[in-house]
Amino acid sequence: MGGIEQARGERALFRTVSAWGVESVHDDLAALDEPAFHALVVTFEGRVTAARLRHVVHHEDRAWAGALEARLGSDEPDHQASTVAQGAWRTSLDRGAYERGVAAIRDDIARGRVYQVNLCRVLERDGADGAERDDLDHLFADLLVDNPAPYACRVDVEGHVDIASASPELFLAREGSALTSAPIKGTASTLERMLAKDATENIMITDLVRNDLQRVCGPGTVSVDGLLEAQHHPGLVHLVSTVRGQMRDGVRWPEVFDATFPPGSVSGAPKSSALDVIAELETAPRGPYCGAIGWVDGTTGQAELAVGIRTFWRENGREIHRNESASGPIVSGGVSFGAGAGITWDSDPGTEWHETELKARRLLGIADGRHTGRNA
């Protein structure tokens with residue numbers, strides 16, 4: 001399968017597309033409308049990395065998975081899951097800080113400033129010794145086995161982005177003029193443990209996404225085609241809604257991002273006020289976490305961008321600035337991961353902290369070399 005054999009820093013693997021051979025890397029969203037294929041990563045803070053790739057293969061769902069296994073030797077009996085980092089995971093917000101953040105958001109809700117805010121924390125730890133253990137390819141292969149996700153992807157562009165994602169959430173898909181978004185809001189270990197607030201969160205954010213799409217879609221074309229549908233994943237279940245619309249003639253990618261980014265499910269409502277609250281309470285930049293990760297094909301008029309949740313990344317040596325209250329510095333070459341929860345008036349601080357733990361537990365276990373279905 002094309003792309004698997006390429007050297008590090010030269011390829012991107014997505015659900016139905018593989019691409020390799022970096023021609024250029026830029027930050028111009030307008031270039032996405034040109035007849036070219038781009039792997040795209042936009043951080044939550046809005047930093048754009050668009051890698052124009054020379055070779056593109058469209059294929060069946062994850063057709064590269066077997067080739068990836070073979071290249072890594074994962075099918076050998078003595079294969080052991082790769083540990084990509086070492087030492088304890090540090091968190092940008094400890095439990096006390098996170099619960100105080102939840103309380104502060106509830107105060108903002110009581111004052112009418114916001115209705116909902118997604119409060120997140122970033123976890124990180126030092127890089128492991130050894131080139132093979134440093135390679136997120138091994139972690140990605142383990143994620144495919146132990147935490148399969150509909151928008152799993154691997155994006156590796158040397159000096160720019162190094163990402164292994166098991167995202168379950170669609171930010172935007174494009175097919176010609178048709179736009180689709182499928183926000184996730186509401187998480188529990190089982191469907192029976194969903195709370196009323198989970199449905200409330202989802203409906204709020206679905207309405208926000210509907211309004212976002214209406215800014216770039218034709219009148220009367222935006223509809224909610226699925227509401228509060230259960231989506232099951234290893235160890236948890238989500239509520240998902242699907243919103244579709246038809247883009248107006250002449251709308252280009254910069255306008256689409258202006259209208260829809262950052263994703264509503266990982267910001268809050270109203271979005272502008274929620275972003276202000278996030279900036280006040282969170283102590284580390286989210287980076288690719290909660291941003292957009294995926295591909296845009298300007299030749300075919302297609303695109304598939306996931307919300308960057310359930311995502312591991314490296315910062316490629318770039319300096320990361322954070323507030324002084326964060327618990328420990330980011331170590332160059334280390335691995336980062338994010339987790340968060342949507343906060344509403346009905347939120348309990350302890351329960352919301354445990355939701356972030358639920359979302360992180362299995363993924364961090366895979367990164368630590370646990371939960372390995374290969375060796376079961």
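Predicted model: local features only at pLDDT ≥ 70, side-chain atom pairs only at ≥ 80, totals over all residues.
Pro 262 sits in the loop that runs between helix H6 and strand S14 (268-269).

**Backbone features**

- A cis peptide bond also joins Ala 269 to Pro 270, here with omega near -15 degrees.
- Pro 270 belongs to the loop between S14 and H7.
- Leu 228 is not a glycine, yet its phi is positive, at about 60 degrees.
- Leu 228 is found in strand S12, and with a relative accessible area of 29% it is partly exposed.
- Arg 310, likewise not a glycine, has a positive phi of about 50 degrees.
- The loop between strand S16 (302-307) and S17 holds Arg 310, which counts as buried at 9% relative accessibility.

- Helix H6 covers residues 253-260, and its buried residues are Trp 253, Val 256, Phe 257, Ala 259 and Thr 260.
- Viewed down the axis of H6, these buried residues fall within an arc of 165 degrees, so they line one face of the helix.
- Leaving aside residues up to four places away in sequence, Phe 171 touches Phe 257, Thr 260, Phe 261 and Pro 263, among others.
- Further contacts of Phe 171 include Thr 180, Ser 181, Ala 292, Leu 305, Ala 306 and Val 307.

**Nonpolar cores**

- In soluble globular proteins, nonpolar side chains tend to be buried together.
- The largest nonpolar core here has 67 residues, and those touching the most other members are Leu 40, Tyr 98, Val 155, Phe 171, Trp 253 and Phe 257.
- Strand S3 (residues 37-42) is the biggest giver to this core, with five residues.

**Aromatic pairs**

- How many aromatic pairs does the structure hold? There are eight of them.
- Tyr 98 and Trp 353 form an edge-to-face pair, because their ring centres are 5.8 Å apart and their planes are at 65 degrees.
- Tyr 98 is in helix H2 (residues 95-110) and Trp 353 in helix H8 (residues 349-367), so this pair ties together parts that are 255 residues apart in sequence.
- Both Tyr 98 and Trp 353 are buried.
- The pair of Phe 312 and Phe 337 is tilted, because the centres are 4.7 Å apart and the planes are at 35 degrees.
- With Phe 312 in strand S17 (residues 311-314) and Phe 337 in strand S18 (residues 335-343), the pair ties together parts that are 25 residues apart in sequence.
- Phe 312 counts as buried at 0% relative accessibility, and Phe 337 counts as buried at 0% too.

**Arginines over rings**

- Which ring does the charged end of Arg 286 sit over? The ring is that of Phe 44, with the charged end 4.0 Å from its centre.
- Arg 286 is placed in the loop between helix H7 (271-281) and strand S15 (292-297).
- Is Arg 286 buried or exposed? At 1% relative accessibility, Arg 286 counts as buried.
- The side chain of Arg 286 is joined to that of Glu 282 by a polar contact of 2.6 Å.
- Beyond residues up to four places away in sequence, Arg 286 touches Phe 44, Glu 45, Asn 118, Cys 120, Val 122, Val 266, Ile 278 and Trp 313.
- Arg 106 lies over the face of Trp 345, at 4.0 Å from the ring centre.

**His 233 and its contacts**

- His 233 lies in strand S12 (residues 223-233), and at 14% relative accessibility it counts as buried.
- Not counting residues up to four places away in sequence, His 233 touches Pro 148, Pro 150, Pro 168 and His 238.

Note on methods:
Residues numbered from 1 in each chain as written. Heavy atoms only, no water. Phe/Tyr/Trp six-rings, centres within 6.5 Å; stacked < 30°, edge-to-face > 60°. Helix = DSSP H or I, 4+ residues; strand = E, 2+ residues; numbered from the N terminus. Buried < 20%, exposed > 50% of the residue type's maximum accessible area, 1.4 Å probe, protein only. Lys NZ or Arg CZ within 6 Å of the ring centre and 35° of its normal. Core = buried A, V, L, I, M, F, W, Y, C linked by side-chain atoms within 4.5 Å. Contact = heavy atoms within 4.5 Å. Polar contact = N/O pair within 3.5 Å; in protein donor to acceptor, adjacent residues only side chain to side chain. Arc of directions from axis to C-beta.
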